Amino acid sequence: MKPYDLDRFKGITIAMYSSYNEHGEINKEAARKLARHYASTGVSGLYVGGSSGEGMLQSTEERKQMLEAVIAEVGQELTIIAHVGAPSTRDSVELAKHAEQAGAHAVSAVPAIYYRLSPQSVEAHWQAIVDSTSLPFIIYHIPQTTGFQLSKGLLVKMAAQGKVIGVKISAESTFELQQFKAAGGKDFLVLNGPDEQYLAGRSIGADGGIGGTYGVMPELFLKIEQCYVQGKMAEAQKWQFIVNELIVELLSFPSLYGACKAILKLRGFDTGEPRMPLLPVAASDMDRIELLNERILNDISQAKSLA
């Protein structure tokens with residue numbers, strides 16, 4: 001039995017985008033405005049500083065500023081998970097300690113990146129983070145970017161600790177997700193990462209999901225979750241297919257992050273341009289962005305009307 005309320009980490013958690021001003025610096029006011037909007041949609045929580053949040057492209061101070069802004073605005077309403085993964089264990093530990101002081105509800109981390117690390121190195125990295133705070137820890141497994149393949153053996157070893165409550169799995173295999181759930185046991189959370197397979201993940205054992213495209217259409221993922229919980233699998237499948245076609249369109253731009261930020265700006269949430277080398281949407285593509293935004297809003301409207 002884990003010594004934490006695991007239910008608060010289930011459901012729909014948005015991997016939140018970072019907010020910048022015109023000079024590319026953290027814009028706390030914009031971050032708070034976006035967090036407030038997300039709180040109004042009914043999602044369970046926010047995952048701050050991860051892949052969608054450009055955490056790996058920010059200094060430790062910038063990552064702290066983003067987290068502080070989000071917690072100040074909605075920390076009493078939503079579950080806030082701080083991603084503290086960094087190339088160095090020292091920086092990850094610093095970010096984890098700050099997250100606890102700032103009021104986050106959990107910390108999460110990828111393996112240290114760039115170097116090809118042994119399982120022993122990754123374990124030591126994660127263990128240092130776990131030991132640095134009293135917060136629960138969620139492993140972040142995303143081998144396509146880190147190059148590290150988490151084994152069931154290491155997962156089981158980490159999960160045996162009370163503070164290690166789950167894994168965010170962004171690998172593309174739902175079989176691996178199911179195997180991790182079986183290995184971790186009923187009191188170990190498995191959170192789906194690939195947005196395109198949210199329903200597949202849920203149906204094979206995931207307790208919820210954390211995703212970046214949730215940020216431009218949280219209502220659609222909430223609809224999938226609602227239908228799944230109610231046992232309306234055909235309807236849930238219909239909405240997952242709708243979401244997947246929207247994701248295909250988002251991925252057609254040079255940068256998914258740039259596309260999502262451009263859509264948010266059209267809705268009155270100016271989070272600035274993504275940080276290079278991530279690309280903003282080109283002026284020549286704005287007509288397509290506007291059409292895609294209208295399409296998403298129409299789908300959201302339809303989902304709400306069928307609530």
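I started with the second largest pocket, where α11 gives the most to the lining, with five residues. The model I am reading is a predicted one. This pocket holds about 290 Å³ of space. I listed its lining and got 16 residues; A262, K265, D270, G272 and E273 lie nearest the centre. Sorted by class, that lining has seven nonpolar, four polar and five charged residues.

**Largest pocket**

I then turned to the largest pocket, which has a volume of about 860 Å³. Its lining runs to 37 residues, and S51, Y140, I142, T145 and Y257 are the closest to its centre. By class I noted 18 nonpolar, 14 polar and five charged residues in the lining.

**Cavity**

Rolling a probe the size of a water molecule over the atoms shows where empty space is left. How many cavities of 30 Å³ or more does the structure hold? I found one. About 80 Å³ of space lies in the largest cavity. The residues lining the largest cavity are V48, G49, R63, K64, L67, A82, H83, V84, L95 and H98. Three elements each give at least two residues to this lining: α2 (60-74), β3 (79-83) and α3 (89-102). The largest share, three residues, comes from α2. I sorted the lining of the largest cavity into five nonpolar, three polar and two charged residues.

**Cysteines**

I checked for disulfides next. A disulfide is a covalent bond between the sulfur atoms of two cysteines. The test needs a pair of cysteine sulfur atoms within 2.5 Å, and by this rule the count is zero. I also looked up how accessible two cysteines are. C227 has 1% relative accessibility, so C227 counts as buried. C260 has a relative accessible area of 0% and is therefore buried too. For both calls the cut-off for buried is under 20% relative accessible area.

**Aromatic pairs**

I counted the aromatic pairs in the structure and got seven. I wrote up two of them.

One is W126 with F148, an edge-to-face pair with 6.4 Å centre to centre and 85° between the planes. This pair links distant parts of the chain: W126 belongs to helix α4 (residues 119-132), F148 to the loop between α5 and α6 (152-159), and they are 22 residues apart.

I found both Y198 and Y214 buried.

**Charges over rings**

I looked for charged side-chain ends sitting over rings and noted two cases. Where does the charged end of K168 sit? It sits over the ring of Y47, 5.7 Å from the ring centre. The charged end of R288 sits over the ring of F253, at 4.1 Å from the centre of that ring.

**I289**

My last entry is on I289, which I placed in helix α12 (residues 286-305). The relative accessible area of I289 is 0%, so I289 is buried. I also took the spacing between I289 and E249, which are 40 residues apart along the chain. Their C-alpha atoms are separated by 9.2 Å.

How values were computed:
Residues are numbered from 1 along each chain as its sequence is written. This is a predicted model: local features need pLDDT of at least 70, side-chain atom pairs count only at pLDDT 80 or more; totals for chains, interfaces and linings use all residues. Side-chain values use heavy atoms; hydrogens and water are left out. On a 1 Å grid over the protein atoms alone, a cavity is a set of points where a 1.4 Å probe fits but cannot get out, and a pocket is an open set with protein on both sides within 12 Å along at least five of seven lines; lining residues have an atom within 4 Å of a point. Grid points are joined across faces, edges and corners, and a volume is the space filled by probe spheres set on the points. Ala, Val, Leu, Ile, Met, Phe, Trp, Tyr, Cys and Pro count as nonpolar, Asp, Glu, Lys and Arg as charged, and the others, Gly among them, as polar. Helices (H or I, at least four residues) and strands (E, at least two) are DSSP runs, numbered from the N terminus. Buried means under 20% relative accessible area, exposed over 50%, partly exposed in between (1.4 Å probe, protein chains only). Rings of Phe, Tyr and Trp (its six-membered ring) pair if their centres lie within 6.5 Å; planes under 30 degrees apart count as stacked, over 60 as edge-to-face and the rest as tilted. A charge sits over a ring if NZ of Lys or CZ of Arg is within 6 Å of the ring centre and within 35 degrees of the ring normal.
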